[in-house]
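Biologist: I would like to go through some labels and ask what each one rests on. Please give me the value and the cut-off each time.

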Amino acid sequence: MMNIPKYDRPNTVSGLVAKHAELNALREKYKREIKKLTVDIDHLDAAIRLFDPQSDTYAIKEYVTKHRAAKGTVKSFVLGCFREATAPITSRQITELWASDRGLVADEATLCTLRKRIGACIKTCVEQGLIVDTGWTTDHDVNGPYKLWVLKRAAG
């Protein structure tokens, strides 16, 4: 029997593996930079609102409309919150965690818009069988009653 090497061109494969690692590291670096820039923009928007609460800048409108979240980011964040939760959580709690994670000090209107986005994500997760509701909040300190949610595997 002949001993056949795993790769005919080990230098090529190792070069490709090294390039792959380099590009992954570069992508992570840019993700961190984009997150920092987004937080900086959010802070500037908040400062603008301090001086002009009715400010109608395009950047603010764009933020409210698009939420500056890449595809899959919200779902990934929401599911991560459920994985880390030790008890059922609400869309409002996840929204506050989202704002905190992004370094955003948001007004109630912005939080409401973000909560709707989080709620839509939760609805999709429910339709996919990932999340189930466990009733409603009884805490009167929150801004209204909210449904409590858990991962389906934890609901069992």
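Biologist: Why does Glu96 count as partly exposed?

Modeller: This is a predicted model, and in it Glu96 has a relative accessibility of 39%.

Biologist: Why does Arg92 count as buried?

Modeller: The relative accessibility of Arg92 is 11%.

Biologist: What makes the contact of Glu96 with Arg92 a salt bridge?

Modeller: The closest N and O atoms of Glu96 and Arg92 are 2.8 Å apart. The cut-off is within 4 Å, so the pair is called a salt bridge.

Biologist: Where do Glu96 and Arg92 sit relative to one another?

Modeller: They are four residues apart in helix α4, residues 91-101, so about one helical turn separates Glu96 and Arg92.

Biologist: Why are Lys29 and Glu33 said to meet in a salt bridge?

Modeller: Their N to O distance is 3.9 Å. That is within 4 Å, so Lys29 and Glu33 qualify. Both lie in helix α1, residues 10-51, four residues apart.

Biologist: Why does Lys36 count as exposed, and what does Asp40 count as?

Modeller: Lys36 has 53% relative accessibility, and exposed means over 50%, so Lys36 is exposed. Asp40, at 31%, counts as partly exposed. Asp40 and Lys36 also form a salt bridge, with the closest N and O atoms 2.9 Å apart.

Biologist: How many salt bridges does the structure hold?

Modeller: It holds six salt bridges.

Key: Residues numbered from 1 in each chain as written. Predicted model: local features only at pLDDT ≥ 70, side-chain atom pairs only at ≥ 80, totals over all residues. Heavy atoms only, no water. Salt bridge = Lys/Arg side-chain N within 4 Å of Asp/Glu carboxyl O. Helix = DSSP H or I, 4+ residues; strand = E, 2+ residues; numbered from the N terminus. Buried < 20%, exposed > 50% of the residue type's maximum accessible area, 1.4 Å probe, protein only.
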